[in-house]
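Subject: A structure for you to look at

Hi there,

I'm passing a structure on to you, with the sequence alongside. Have a look when you get a moment, and then read on for my notes.

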Amino acid sequence: RVILLWKEGRRYDPRKLFTERGFGMKDAFYRVAQPISENFSSESRQKKLLDGFLSGKEKIVSELKETITQKDLF
């Protein structure tokens, strides 16, 4: 679901989903996504989407931390 939202350009929605479900900052999510990506052929659209998403992992985690910090302030 996260990849589909990201693909549609709905960048905020995956972060919202991660925050609501609590797994966006957990490394396990990304550790599972990586081998899934490695099982797709290099020309696969799914692989390209997943790799594109995973390449922004650090930014996503940083934004999630900021969102959680802001919620804690209020």
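To begin with the overall layout: in what order do the elements of the protein chain run from the N terminus on? They run α-α-α-α-α, so to speak in DSSP terms, with five helices and zero strands in the chain.

Please keep in mind that this is a predicted model. The average pLDDT of the protein chain is 79, and 84% of the residues reach at least 70. Confidence is highest in helix α3 (residues 27–38), with a mean of 89, and lowest in helix α2 (residues 12–21), where the mean is 71.

Now for the chain as a whole. It has 74 residues, of which 26% count as buried. Among contacts with a separation of 6 or more, 50% come from residues 24 or more positions apart.

The helix pair I would look at is α3 with α4 (residues 45–55). Their axes lie 9 Å apart and the helices pack at an angle of about 150 degrees, in a left-handed crossing. On the α3 side, the contact is made by F29, Y30, A33, Q34, I36, S37 and E38; α4 brings K47, L50, D51, F53 and L54. Sorted by class, that contact holds seven nonpolar, two polar and three charged residues.

Finally, a residue from another helix. T67 is found in helix α5 (residues 57–73). T67 has a relative accessibility of 30%, so it counts as partly exposed; that class covers values between 20% and 50%. How far apart are T67 and R15 in space, C-alpha to C-alpha? The distance is 9.0 Å, although T67 and R15 are 52 residues apart in sequence.

Happy viewing, and do send me your thoughts.

Best wishes

How values were computed: Residues are numbered from 1 along each chain as its sequence is written. This is a predicted model: local features need pLDDT of at least 70, side-chain atom pairs count only at pLDDT 80 or more; totals for chains, interfaces and linings use all residues. Side-chain values use heavy atoms; hydrogens and water are left out. pLDDT is the predictor's confidence in each residue, from 0 to 100. Helices (H or I, at least four residues) and strands (E, at least two) are DSSP runs, numbered from the N terminus. Buried means under 20% relative accessible area, exposed over 50%, partly exposed in between (1.4 Å probe, protein chains only). Contact means heavy atoms within 4.5 Å. Axes are lines fitted to C-alpha atoms, for helices over the stretch in contact, and angles run from 0 to 180 degrees between N-to-C directions. A crossing is left-handed if the near helix is turned anticlockwise from the far one by less than a right angle, and right-handed if clockwise. Ala, Val, Leu, Ile, Met, Phe, Trp, Tyr, Cys and Pro count as nonpolar, Asp, Glu, Lys and Arg as charged, and the others, Gly among them, as polar.
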